[in-house]
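This briefing is meant for a reader who is meeting the structure for the first time. Please look over the sequence and the model below before reading on.

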Amino acid sequence: MILSATLFAALLLCTACWLLLRRRGGRRQQALAAVLDAADAFEDRLRVARAEIEAVAGSDENPVREAMQEMLRQRLWLQQHGHAANTEQLDQVRASIDTARARIEQQLERIEQARTTSA
């Protein structure tokens, strides 16, 4: 009876550990998917932004180039380190992508304001 209770407790502990590890892996997978989705959306937005900015300001003063380079650095980091990155690191990458996207959106708003005031 003591042996079966000990085996049951060990089985319960192993199951709890397995569920915990699986849950952590699931959170990491969600974080990685969120980073990749954010990167894809930002890259699409950068392409549109580049065309809009070049139409107004020309290609000489295009802030999108720096953002595109940053996006390429993030993608390279993900390629090299994404498989081993923890959720905190992935969340930081996602936050940096969101920050860069917000900067581009602000610049696009300024361009739109300049268009409306000069028209």
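Glu-88 belongs to helix α3, which covers residues 87–118, and the model in which it is placed is a predicted one.

**Glu-88**
- Glu-88 counts as exposed because its relative accessibility is 53%, and the cut-off for that class is over 50%.
- Although 57 residues separate Glu-88 from Ala-31 in sequence, their C-alpha atoms are 8.7 Å apart in space.

**Helix α2**
- The 18 residues of helix α2 (residues 64–81) should span 26 Å at 1.5 Å a residue, and the distance of 25 Å between its end C-alpha atoms agrees with this.
- Buried in α2 are Val-64, Ala-67, Met-68, Met-71, Gln-74 and Leu-78; they lie on the same side of the helix, because they cover an arc of only 115° around the axis.
- An α-helix has 3.6 residues a turn, so residues three or four places apart point the same way.
- On the face of α2 turned away from the buried side are the exposed residues Arg-65, Glu-66 and Leu-72.

**The cavity**
- The model has one cavity of 30 Å³ or more, and the largest cavity holds about 40 Å³ of space.
- Its lining is made up of Phe-42, Ala-67, Glu-70, Met-71, Gln-74, Ser-96, Ile-97 and Ala-100, with α2 and α3 being the elements that give two or more residues to it.
- Helix α2 gives the most to this lining of the largest cavity, namely four residues.

Terms used:
Residues numbered from 1 in each chain as written. Predicted model: local features only at pLDDT ≥ 70, side-chain atom pairs only at ≥ 80, totals over all residues. Heavy atoms only, no water. Buried < 20%, exposed > 50% of the residue type's maximum accessible area, 1.4 Å probe, protein only. Expected span 1.5 Å × (residues − 1). Arc of directions from axis to C-beta. 1 Å grid on protein atoms, 1.4 Å probe; cavity = no way out; pocket = protein on both sides within 12 Å on 5 of 7 lines; lining within 4 Å. Points joined across faces, edges and corners; volume = space filled by probe spheres on them.
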